[in-house]
Amino acid sequence: MAIWFRKSINVSANYLKAKTGLWGLLNQRHLSPCFHSNSSSPTSLNGKNYRNPPSFFGNSTTLFGSRRFESVKAGRQEELRYDNGGHQDQALDFPGGTVPFTPEMRFISEASRERIPCYQVLDDNGNLIMHSSFVQVNKEDAVKMYSTMVTLQTMDTIFYEAQRQGRISFYLTSIGEEAISISSAAALTPEDVILAQETQYREPGVLLWRGFTLQEFANQCLGNKSDYGKGRQMPIHYGSNKHNYFTVSSPIATQLPQAVGAAYSLKMDGKDACVVTYFGDGGSSEGDFHAALNFAAVMEAPVIFICRNNGWAISTPVSEQFRSDGIVVKGQAYGIRSIRVDGNDALAVYNATRAAREMAITEQRPVLIEVQLGFLKHTLLTLHIPILTVDASELRLVVKTENALTYRVGHHSTSDDSTKYRPVDEIEHWKMSRNPIARFRRWVDGNGWWNDKDESELRGNARKQLLHAIQAAEKVEKPPLSDLFTDVYENTPSNLIQQEELLRQTIQRHPQDYPSVE
């Protein structure tokens, strides 16, 4: 049903003043905060306060009369907080705050006029962006961050080759995304709890940072008797109680609501720690993602959601997943403070995670970090996401229009051939020109903390240690067959006893197919 309005001169004047105030605000883009908050001021753009509204009708003439189809058009998101023509004494006392009434029929736009900017500290050449200010990383941590990135890159290369040789059954690399897990891990403490998921096998950098050894990685991938999962999991489903790292689970996004529950338990116990959970853009298409964000916001749980948006859910592009401005705006929709970060920039990821942790713990609130990654070439030509640098004055943000994205250089996994859905030259471009490790090394080099000799020794030692770890893991016997049926029930039920008996009979009939089973 259409509703007809005829606005008085007073109404029109106030509305125009609101629009003028809006454009004035848009011209002050340098005042935008780092994190996009869910809270908004009750003051309208023309300076009037909704909490002390004047008379709703005032001296206005009749509101209803002539037909106006313009009033049903969707307005831009930036114009939502407009003055309602002086008719402000009517308001709805609604849960979450007072909602003012307005004579304007204005639908919320499906998209904002400008995209959420992407926070950045280092440029592509590893130089600090002019006037940037950030929490300085000391030499020890910077060298450890870089060394861990190189070690992870080496580990990925060798394990990938081992899978191709048939020595392990499956693998998934973090090539091109090393800065995300390692930089975020550097900003956390060992007491912070980590939960990852099936498509986020790309967090072994967190374990490397926390001291998980190359031998422990090899034991898990080979599924031997020293594997903490007793050989029950697929390769790269790591887990470590010692390092507060929940075992990776294959179902997509199931760990997100679990992370909120774990965070709420930390809150109840008064712990000075938070929970960090990683997921991909594909995970945001699952119902668990939405349930988790709402759960976290309502319970005010100290949890950090880190989404690595590389534009692909395996081979499904984001254009077939959602129409929103990435993932960052979804946090705001659920009342969660959010930020978008350049995933190729180790310092940006570190600083954003450090700030998010501080908020999560001191303010007892959830935070969403969208780590922006690379997309297809045709998308890169049309995607213009502003880059944010930190101004020294009160850590406000300055806008600089560029493209700064990271990329999943490797295939999704050893079961995937990404050249079927993206060009090879694009992969090579990101591998050679937009490498996050190379960018961070330039910054470390610039500080005089690294040189070619250090690089050669690091890569040589990492490769030697990896090869030795794999050879040692291959010599360790496999877990006993009985481990398949333990650790779930205190008293094994009859159906599992029967299954074990049937399995042993099968092995006896075909011993050549099970050479490593006792």
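Biologist: Starting with D192 and R357: buried or exposed?
Modeller: D192 is buried, and R357 is buried too. Keep in mind that this is a predicted model.

Biologist: What do the side chains of D192 and R357 form?
Modeller: They meet in a salt bridge, at 2.6 Å from N to O. D192 sits in the loop between α3 and β6, while R357 belongs to helix α9, so the pair ties together parts 165 residues apart in sequence.

Biologist: Switching to K230. Which residue does its side chain meet in a salt bridge?
Modeller: D487, at 2.8 Å, N to O. K230 lies in the loop between α5 and α6, and D487 in the loop between α13 and α14, so parts 257 residues apart in sequence are tied together.

Biologist: And how accessible is K230?
Modeller: K230 has a relative accessible area of 31%, so it is partly exposed. D487 counts as exposed because its relative accessibility is 54%, and the cut-off for that class is over 50%.

Biologist: How many salt bridges does the count come to?
Modeller: 23. Among them is R167 with E474, at 2.8 Å from N to O. R167 is in the loop between α2 and α3 and E474 is in helix α13, so this pair links parts 307 residues apart in sequence.

Biologist: What are the accessibility values for that pair?
Modeller: R167 is partly exposed at 35%. E474 is partly exposed at 37%.

Terms used
Residues are numbered from 1 along each chain as its sequence is written. This is a predicted model: local features need pLDDT of at least 70, side-chain atom pairs count only at pLDDT 80 or more; totals for chains, interfaces and linings use all residues. Side-chain values use heavy atoms; hydrogens and water are left out. A salt bridge is a side-chain nitrogen of Lys or Arg within 4 Å of a carboxyl oxygen of Asp or Glu. Helices (H or I, at least four residues) and strands (E, at least two) are DSSP runs, numbered from the N terminus. Buried means under 20% relative accessible area, exposed over 50%, partly exposed in between (1.4 Å probe, protein chains only).
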